[in-house]
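Biologist: I would like to learn how to read a protein model, one feature at a time. Could you start with strands and how they pair?

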Amino acid sequence: MRRVSRIAVAGVATAALAVSVSACGSSSTSSSSAGGSAKSKGIGLAYDIGGKGDQSFNDAAYAGFQKAEKDFGVGGRDVEPQDGETDADKVQRLETLAKAGYNPVIGVGFVYAPAVKEVAAKFPKVTFGIIDDNTIKAKNVADLVFHEEESSYLAGVAAAKTTKKNHIGFIGGVDIPLIHKFEAGFIQGAQSVNPKIKVEKQYLTQTPQEGGFASPDKGESATNGQIDAGADVIYHAAGLSGQGVIKAAAAHKVWAIGVDSDQYAQGALSKYKDYILTSALKNVSGAVYDLAQSVIKDKKPLSGEVRGSLSNGGVSLADSNPVFKNNADLQAALKKAEEGIKNGTIKVKTS
């Protein structure tokens with residue numbers, strides 16, 4: 001094992017998604033001893049709230065999973081979350097994957113932290129990954145985290161340079177420290193362009209269990225409220241709920257800024273794409289792919305904190321929308337901001 005503080009996250013394109021998903025808790029075709037096996041039959045992936053098809057966070061993880069299967073010639077199994085599940089349910093899901101011989105086993109989202117900590121101790125020969133949590137300190141766990149505030153700062157610059165009303169909005173899925181990073185970076189970036197810009201702020205729920213990351217209707221309602229208040233560019237960090245944000249923005253013909261995946265390029269959102277300015281990308285797909293490569297191909301499993309940033313390509317802004325890409329003034333402002341973040345002259349807030 002080697003402990004890593006930072007790696008260059010490989011760029012992996014988020015693809016259109018279409019495969020069947022194994023049900024949680026279904027029987028496996030093979031099993032191993034409680035210690036697990038160092039030999040891998042493929043990648044085990046357990047999705048976060050909202051599941052596959054969110055066109056955002058989970059789908060980015062799936063893109064890396066799918067590419068790793070193809071490039072490394074291995075199988076894989078991805079499993080969906082269940083409504084109202086407990087940590088014990090997550091433990092059972094991860095144990096099932098580890099017993100079946102999948103290595104690495106990856107929990108998509110900070111909600112898996114207690115389960116990954118427990119199961120990794122039971123299967124020391126299996127490498128576990130957890131996305132968006134860096135609290136687990138174990139030789140066989142890779143904490144796959146990101147500087148979300150950096151790409152959010154750029155999103156704030158883009159919003160402030162695009163708004164016609166000097167009035168923008170932020171919608172977070174759940175009121176937690178992770179999403180506070182998105183908000184903090186976004187507001188700081190916007191205020192770097194216009195210190196007097198007005199920013200609407202709203203969190204959909206206080207806890208994940210209340211559906212803040214999985215309720216497009218909540219996202220749509222919140223967006224309608226912010227647009228009624230005068231905002232004409234809305235940035236969301238709300239997972240599946242963000243689909244409602246984008247739908248409402250398109251209905252009112254104002255700009256939305258997506259998150260995690262390039263939402264302009266997502267087929268399921270194509271009818272709204274003319275109103276998706278850009279997306280604050282988090283290279284979850286690259287993190288999944290790199291961990292799989294370290295275990296399956298390199299035989300030197302990553303462990304410890306692996307953090308994506310602007311400097312190593314782990315976070316960025318999407319430029320699929322020609323309106324965004326061809327705006328010379330906007331691109332010049334973004335380039336200046338990105339250089340400042342990379343060289344340290346801009347210190348981006350996390351709260």
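Biologist: Which residue of E9 stands opposite isoleucine 171?

Modeller: Start with the rule. Two strands pair if DSSP finds at least two bridges between them. Helices (H or I, at least four residues) and strands (E, at least two) are DSSP runs, numbered from the N terminus. Now the case: isoleucine 171 faces histidine 236 of E9. Strand E7 (residues 167–174) and strand E9 (residues 233–237) pair in the parallel sense, over 4 bridges. One caution. This is a predicted model: local features need pLDDT of at least 70, side-chain atom pairs count only at pLDDT 80 or more, and totals for chains, interfaces and linings use all residues. Residues are numbered from 1 along each chain as its sequence is written, and side-chain values use heavy atoms, leaving out hydrogens and water.

Biologist: In what order do the strands of the open sheet come?

Modeller: Keep one general point in mind. In a regular strand, side chains alternate between the two faces of the sheet. Here, 6 strands form an open sheet in the order E8-E7-E9-E10-E11-E13, with mixed pairing. The edges are strand E8 (198–205) and strand E13 (315–317); each has a single partner strand, so one side of each lacks a neighbour in the sheet. From one strand to the next, the twist averages 15 degrees. Such angles run from 0 to 180 degrees between N-to-C directions, and axes are lines fitted to C-alpha atoms, for helices over the stretch in contact.

Biologist: Which strands does H7 lie across?

Modeller: Helix H7 (residues 242–252) lies across E7, E9, strand E10 (255–260) and strand E11 (276–282). H7 runs at about 170 degrees to E9.

Biologist: How do I describe two packed helices?

Modeller: Use the angle between their axes and the distance between the axes. Take helix H6 (residues 216–229) and H7: they pack at about 40 degrees, with axes 7 Å apart. H6 and H7 are therefore oblique to each other. Here are the cut-offs: under 35 degrees is roughly parallel, over 145 roughly antiparallel, 65 to 115 roughly perpendicular, and the rest oblique. The crossing of H6 and H7 is right-handed. A crossing is left-handed if the near helix is turned anticlockwise from the far one by less than a right angle, and right-handed if clockwise. Residues of H6 that meet H7 include Gly219, Thr223 and Ile227. Contact means heavy atoms within 4.5 Å.

Biologist: At what angle do H4 and H10 cross?

Modeller: The axes of H4 and helix H10 (residues 328–343) cross at roughly 155 degrees and come within 10 Å. That makes H4 roughly antiparallel to H10. This crossing of H4 and H10 is right-handed. Among the residues in contact are Tyr153 and Leu154 of H4, and Leu330 and Ala333 of H10.

Biologist: Is strand E2 largely enclosed or open, and why?

Modeller: Buried means under 20% relative accessible area, exposed over 50%, and partly exposed in between (1.4 Å probe, protein chains only). In E2 (residues 42–46), 5 of the 5 residues are buried, so the rest of the structure largely encloses the strand. E2 pairs in the parallel sense with strand E3 (residues 75–79) over 5 bridges. E2 also pairs in the parallel sense with strand E4 (residues 105–107), over 3 bridges.

Biologist: Which unit do E2, H1 and E3 make?

Modeller: E2, helix H1 (residues 57–72) and E3 make a right-handed β-α-β unit. A crossover is right-handed if, with the strands pointing away from the viewer, the path from the first strand over the helix to the second runs clockwise.

Biologist: How many helices and strands does the protein have?

Modeller: The protein has 10 helices and 13 strands. Of its 351 residues, 59% are buried.
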